[in-house]
Every structure is written in C-alpha cells, then in structure tokens.
Amino acid sequence: ANGWCPGHDATNGLTSHGSGYSLELAATLRWFALLKQLREMRAVNACSPARVLARDVRNTFATESGQPLALLSPEFFSESHAVARSHVRSIRHRENQLTALKTWLRRRANRPATTANGDARVVYPLRDKRVLEFCISAPGSLKIRDGYRRYLVRGALQGILPDKICWRTSKSPFAPDYYVRYNAQLNKAKEFVAAIGPTDPVRSIVNVAELERSLYPVDEVRGTPAALATIPGSFYLICFLRQFAEFRP
C-alpha cells in the first residue's frame with residue numbers, strides 16, 4: 001500500500017495561490033491586466049482591490065518571525081537556534097514560490113520513505129521534478145484567473161470534481177464548527193493550564209504564561225490564527241512532554 005499526504009507539496013506547486021502576482025502586475029505596469037484581475041476577484045470573493053494588494057505587499061515584504069506552531073519559552077526558543085523562515089523580497093511571484101518550495105523540501109529531505117512498521121511505502125507524487133518545474137514555470141495568469149486563486153488545479157479538475165467543490169471559495173481549515181467547539185472547551189483548557197505549577201518542568205519548554213493569557217473566546221466564524229494552530233499546538237506539546245519522567249511535576 002502507498003500513503004500520500006499532499007500538504008504543502010501541493011500548495012507550493014499544483015495548488016499555488018499565486019501569491020504576489022497582483023503586486024507583480026502593478027510593479028511591471030500591466031495596469032489593464034491588474035484591474036481586470038481585481039475586478040474579477042471582487043466579483044467572486046467580495047474582496048476589495050485595496051485588500052488584495054495590501055495582502056500581497058505584506059506577504060512579499062513583511063519579515064517573518066519563524067515562531068513554531070507552539071508557544072515556546074523565550075529561553076528554549078533562543079537556545080534551540082530557531083531560524084526565521086527564508087523570505088524572498090521580490091516582486092516576481094515565481095521567485096517567491098520557488099523559495100517557499102525549496103524551504104519546504106529542505107525541511108523534509110530526511111523524511112523516511114516508509115512508515116514506522118515498514119508496511120506501507122510513503123510517496124510524494126507532487127514532488128516529482130517534472131511536476132514542480134511545470135508549476136513554477138506556469139504564468140501567474142494560470143494561478144489566478146477569472147477571480148479564482150488556485151486556478152491551475154481548479155481548471156484541471158473541472159468536469160471531474162463537482163462544480164460546488166471545484167469552484168468553492170468558502171473552504172476553511174478543519175471542521176466548519178471548529179471555533180464553536182474551541183470556545184466550548186475554553187474552561188477545560190484554563191483548568192488544565194492553571195494546574196501547571198510555577199516550578200513545573202514543562203515551563204522550560206512551553207511559554208505557559210503566554211498560553212494562559214491567550215485563552216479567551218474567539219469569533220466563531222473567523223477565529224484567530226492562534227486559536228487555529230498555536231494554542232492547540234502548545235497543548236499537544238505539553239501532553240507529549242508529559243510522556244517523559246523529567247517533564248512530570
């Protein structure tokens with residue numbers, strides 16, 4: 001049996017959002033193409049042109065902190081020599097996409113080719129060199145088109161997937177009621193954190209104080225990035241550390 005998890009292999013290749021393409025059109029004075037694209041995106045996503053351009057400027061020129069998906073204590077974060085993610089400051093969307101892909105591949109170069117028990121071979125078809133070269137070389141107009149991001153894969157799957165899935169723009173991470181359930185479990189989460197004493201060894205790894213400050217209700221539709229990943233990741237890390245005697249009270 002073969003196992004396959006597309007993940008960022010696809011996001012940086014076949015299902016690229018085309019991030020930065022709007023900024024590229026603006027910087028290269030392709031005004032007609034830019035205005036057409038922004039008008040289409042507004043019709044499809046009800047997204048203002050200013051917001052689209054602002055997002056591309058932020059994604060291209062903002063400095064990323066490289067903070068992992070867990071609230072680490074400042075001391076541990078510093079001692080672990082965590083390195084900020086490489087970030088291209090370019091108006092060419094292909095350069096940004098290529099750098100993101102290289103960074104992703106470097107981080108997973110030593111990932112095993114089989115599962116732990118050796119029963120299944122893990123394969124990554126979207127890492128095929130020919131697929132990646134095609135996706136990088138594809139023009140931005142195939143990544144954002146008719147108001148849709150990820151147009152390359154949407155167009156390829158038209159007639160194969162139901163249109164309701166192929167052309168939806170309302171997809172959100174995890175379950176639709178994720179933030180509803182997140183809020184419902186806040187009291188239990190606060191009790192869990194309150195039970196971590198001031199000398200508990202997990203504090204040497206996890207920023208428990210920051211985790212405690214972060215536990216408040218979020219909008220049940222939009223949520224927050226922290227509620228989506230960082231806060232749950234911190235709880236998972238604590239539970240993992242508890243498996244070792246040196247991290248138990």
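## Cys166 and helix α9

Cys166 sits in helix α9, which spans residues 163-166. Helices here are DSSP runs of H or I with at least four residues, strands are runs of E with at least two, and both are numbered from the N terminus. This is a predicted model, in which local features need pLDDT of at least 70 and side-chain atom pairs count only at pLDDT 80 or more, while totals for chains, interfaces and linings use all residues. Residues are numbered from 1 along each chain as its sequence is written, and side-chain values use heavy atoms, with hydrogens and water left out.

With a relative accessible area of 4%, Cys166 is buried (buried means under 20% relative accessible area, exposed over 50% and partly exposed in between, with a 1.4 Å probe and protein chains only). Once its neighbours within four places in sequence are set aside, Cys166 is in contact with Arg154, Leu157, Gln158 and Leu161; contact means heavy atoms within 4.5 Å. The C-alpha atoms of Cys166 and Ala156 are separated by 9.6 Å, with the two residues 10 apart along the chain.

## The protein as a whole

Let us step back to the overall picture. The protein has 13 helices and four strands, and 35% of its 249 residues count as buried. Among contacts with a separation of 6 or more, 67% are between residues 24 or more positions apart.

The protein exposes about 15,600 Å², and carbon and sulfur atoms supply 59% of that area. Accessible areas come from the Shrake-Rupley method with a 1.4 Å probe, and for residues only the protein chains shown count as cover.

The mean pLDDT of the protein is 82, and 82% of its residues reach 70 or more; pLDDT is the predictor's confidence in each residue, from 0 to 100. Confidence is highest in helix α11 (residues 186-194), at a mean of 97, and lowest in strand β1 (residues 2-3), at 38.

Two stretches call for some care in reading. Over residues 1-6, pLDDT stays under 50, and the model has 14 contacts beyond four places in sequence for them. Over residues 82-86, pLDDT also stays under 50, and here the model has 10 such contacts beyond four places in sequence.

Ser234 is buried, with a relative accessible area of 0%. Leaving aside neighbours within four places in sequence, Ser234 is in contact with Leu69, Ala70, Leu71 and Leu211. Thr230 is found in helix α13 too, and at 17% relative accessibility Thr230 counts as buried. Not counting residues up to four places away in sequence, Thr230 touches Leu69, Ala70, Leu71 and Pro225.

How do α11 and α13 pack, and what is the angle between them? Their angle is about 45°, with the axes 12 Å apart. That makes α11 oblique to α13. Axes are lines fitted to C-alpha atoms, for helices over the stretch in contact, and angles run from 0 to 180 degrees between N-to-C directions. Angles under 35 degrees count as roughly parallel, over 145 as roughly antiparallel, 65 to 115 as roughly perpendicular and the rest as oblique. The crossing of α11 and α13 is left-handed, a term for a near helix turned anticlockwise from the far one by less than a right angle, with clockwise giving right-handed. At this meeting place, Ala189, Phe192 and Val193 in α11 meet Phe235, Ile238 and Cys239 in α13.

## Gln97 in helix α6

Gln97 lies in helix α6, made up of residues 93-107. Is Gln97 buried or exposed? At 6% relative accessibility, Gln97 counts as buried. Apart from residues up to four places away in sequence, Gln97 touches Asn12, Gly13, Ser16, Cys135, Ile136 and Lys143. Gln97 and Ser16 are 81 residues apart along the chain, and their C-alpha atoms are separated by 8.0 Å.

## Two positive phi values

Most residues other than glycine have a negative phi. Leu29, however, has a phi near 65°, a positive value in a residue other than glycine. Leu29 lies in the loop between α2 (21-27) and α3 (31-45) and is exposed, with a relative accessible area of 58%.

Arg150 has a positive phi as well, near 55°. Arg150 is found in the loop between β4 (148-149) and α8 (151-157), and Arg150 is partly exposed, with a relative accessible area of 24%.
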